[in-house]
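Here's a quick tour of the model, written for someone who likes to look at the geometry first. Have the coordinates open and follow along.

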Amino acid sequence: MMITVNAAQKIILRYVQHFPSEFCPLKEADGRVLREDIRSDRDQPSFDKALMDGIAVFSRAAAKVFPVDGIAAAGDKPLTVKYKDHCVRIMTGAVVPKGYDCVIPVEQIMFRQGKAVLKQGVTLKPGQNIRSRAADVRRGTIVLKKGTRLLPVH
């Protein structure tokens, strides 16, 4: 005599053993199953990030020539903007200083006597060449659901 799928599932679930949860080192987690959801503990990226080398500027600046006020490298503390009509040389992965909302690639700039000069035809747009804070993941977002079998990709 055959039984329905639902009846079979009920019988199976009556006898399923739930193993206790345990913590294990990451290097031993391959193939294990998550017992609870994993949430992001921070925004990713955690700051507005430059996507290329160049200069960071305020997109509504009317200038085509910007005095350079410093250099922002990846891993450096954020710089403070003093003048919205100035710029900061910026490297890929660096924090875009607050007040600036646009990164112009180095290929579209000439540097002369401490100033960055935009090449002809360069336009400035808010968010240009910037990965915004939390663009990938917001703090608290579920990044892995319970029941996921952990694989190297995770």
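## Salt bridges and the rest of the fold

Searching the whole structure turns up 4 salt bridges. Bear in mind that this is a predicted model. The general idea is simple: side chains of opposite charge can pair when their charged atoms come close.

| Salt bridge | Closest N and O atoms |
|---|---|
| Arg32 with Glu22 | 2.4 Å |
| Asp43 with Arg133 | 2.9 Å |
| Asp136 with Arg131 | 2.2 Å |

Take the pair of Arg32 and Glu22, with its closest N and O atoms 2.4 Å apart. Both residues sit in the loop between α1 and β1, 10 residues apart. How open are the two ends? Arg32 is partly exposed at a relative accessible area of 32%, while Glu22 counts as exposed, with 56% relative accessibility.

Now for the bridge between Asp43 and Arg133. This pair links distant parts of the chain, 90 residues apart: Asp43 belongs to the loop between β1 and β2, and Arg133 to the loop between β9 and β10. Is Asp43 buried or exposed? With a relative accessible area of 13%, Asp43 falls under the 20% cut-off, so it is buried. Arg133, in contrast, is partly exposed at 47%.

The bridge between Asp136 and Arg131 brings its closest N and O atoms to 2.2 Å. Asp136 counts as partly exposed with 44% relative accessibility, and Arg131 is partly exposed too, with a relative accessible area of 33%.

**Overall layout**

Zooming out, the chain has 1 helix and 10 strands. Why call the chain more spread out than a compact globule? Its radius of gyration is 25 Å, well over the 15 Å that the globule rule gives for 154 residues, so the chain is more spread out than a compact globule. The box filled by the C-alpha atoms, taken along the principal axes, is roughly 85 × 35 × 25 Å.

Buried residues account for 27% of the 154 in the chain. The accessible surface comes to about 11400 Å², and 54% of that belongs to carbon and sulfur atoms. As for contacts between residues at least 6 apart in sequence, 68% of them join residues at least 24 apart.

**A patch on the surface**

Which residues make the nonpolar surface patch of about 340 Å²? The patch is made by Ile3, Ile11 and Tyr15. Tyr15 lies in helix α1, which covers residues 5-15. This tyrosine is exposed, with a relative accessible area of 65%.

The peptide bond from Gln44 to Pro45 is cis, with omega near -5°, and Pro45 lies in the loop between β1 and β2.

Two residues other than glycine have positive phi values. For Asn129, phi is near 60°; this residue is in the loop between β8 and β9 and is partly exposed, at 21% relative accessible area. For Ala134, phi is near 65°. Ala134 is found in the loop between β9 and β10 and is buried, with a relative accessible area of 9%.

Conventions:
Residues numbered from 1 in each chain as written. Predicted model: local features only at pLDDT ≥ 70, side-chain atom pairs only at ≥ 80, totals over all residues. Heavy atoms only, no water. Patch = residues over 30% accessible without salt bridge, like charges linked within 9 Å, V, L, I, M, F, W, Y side chains within 5 Å. Areas by Shrake-Rupley, 256 points an atom, 1.4 Å probe, with all protein chains shown as cover. Salt bridge = Lys/Arg side-chain N within 4 Å of Asp/Glu carboxyl O. Helix = DSSP H or I, 4+ residues; strand = E, 2+ residues; numbered from the N terminus. Buried < 20%, exposed > 50% of the residue type's maximum accessible area, 1.4 Å probe, protein only. Rg over C-alpha atoms; globule rule 2.2 N^0.38 Å. Contact = heavy atoms within 4.5 Å.
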